[in-house]
Amino acid sequence: MQPLIVTAAILCHNGRILITRRPLEKQQGGLWEFPGGKLHGDESPEEGLKRELLEELGIEIVVGPIFEVAYYRYEWGPVVVLAYPCRQVSGVVRNLEVAEHRWIEPEEFPHFDILPADRPIVHKIMTARDCNQILFFR
C-alpha cells in the first residue's frame, strides 16, 4: 500500500509553536498535531500546505525548506509527513476546520497527546540545539 503523503507546518511566534486539535468526529479525533493535511491533485507539498492553512486556520503563510520527513504506519495504512517551517504573512489564526489551537513552548509538548505521525517532528524540535536557526528563515 502506498503511503498517504501529508504536510505539516511549524509556525512559531514569540518562541511558541502552533499546534491544533483534531475535531472529535475526524479520524484520530481529539489528538493534537501540527496544522496541515493531505495534498489535492497535482499540488506540490508547499502549495498544499498553503491551501490547508488558509482552509483550517484562515492564515496565509510562506513555506521554508523541509525540516523533517516522518513515517508512521497506522492500522488503516502508512503515512509520510513532510514538515516545513513556515512564516505567517497575513490573517489571524481562527479555528475554522480544527477544534482548537494553542501556541506552546517546546517544553510543553509532553503535556499534549500528539498525533503519532507527528511525534518524530516534536522530537527533532525538542532536541534541536538552536530552534531559531532550524525553525525560522528570513
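Three helices and 8 strands make up the secondary structure of this protein, and the model you are looking at is a predicted one. If you trace the chain from the N terminus, the elements come in the order β-β-β-β-α-β-β-β-β-α-α. The radius of gyration is 14 Å, close to the 14 Å that the globule rule gives for 138 residues, so the protein is as compact as a globular protein of that length. Turn the model along its principal axes and you will find that the C-alpha trace spans about 40 × 30 × 25 Å.

Now let us look at how the chain packs. Of the 138 residues in the protein, 45% are buried. Consider next the contacts between residues at least 6 apart in sequence: 67% of these join residues that are at least 24 apart.

You will find V93 in the loop between strand 7 and strand 8, the latter covering 100-104. Is V93 buried or exposed? Its relative accessible area is 14%, which is under the 20% cut-off, so V93 counts as buried. Which residues does V93 touch, once its neighbours within four places in sequence are left aside? The contacts of V93 are L57, I59, Q88, H101 and W103. Have a look at G58 as well: V93 and G58 are 35 residues apart in sequence, yet their C-alpha atoms are 6.0 Å apart in space.

From here we can move on to the largest pocket, which holds about 530 Å³ of space. Its lining consists of 27 residues, and V6, R22, E33, G37 and K38 are the closest to the pocket's centre. Which elements each supply at least two residues of this lining? They are strand 1 (4-13), strand 4 (36-38), helix 1 (45-57) and strand 7 (77-90). Strand 1 gives the most, with 4 residues. Sorted by class, the lining of the largest pocket has 12 nonpolar residues, together with 9 charged and 6 polar ones.

To tie the two sites together, go back to strand 7: this strand contributes at least two residues to the lining of the largest pocket, and the loop that holds V93 lies between strand 7 and strand 8.

Notes: Residues are numbered from 1 along each chain as its sequence is written. This is a predicted model: local features need pLDDT of at least 70, side-chain atom pairs count only at pLDDT 80 or more; totals for chains, interfaces and linings use all residues. Side-chain values use heavy atoms; hydrogens and water are left out. On a 1 Å grid over the protein atoms alone, a cavity is a set of points where a 1.4 Å probe fits but cannot get out, and a pocket is an open set with protein on both sides within 12 Å along at least five of seven lines; lining residues have an atom within 4 Å of a point. Grid points are joined across faces, edges and corners, and a volume is the space filled by probe spheres set on the points. Ala, Val, Leu, Ile, Met, Phe, Trp, Tyr, Cys and Pro count as nonpolar, Asp, Glu, Lys and Arg as charged, and the others, Gly among them, as polar. The radius of gyration is taken over C-alpha atoms; the globule rule is 2.2 Å times the number of residues to the power 0.38. Buried means under 20% relative accessible area, exposed over 50%, partly exposed in between (1.4 Å probe, protein chains only). Contact means heavy atoms within 4.5 Å.
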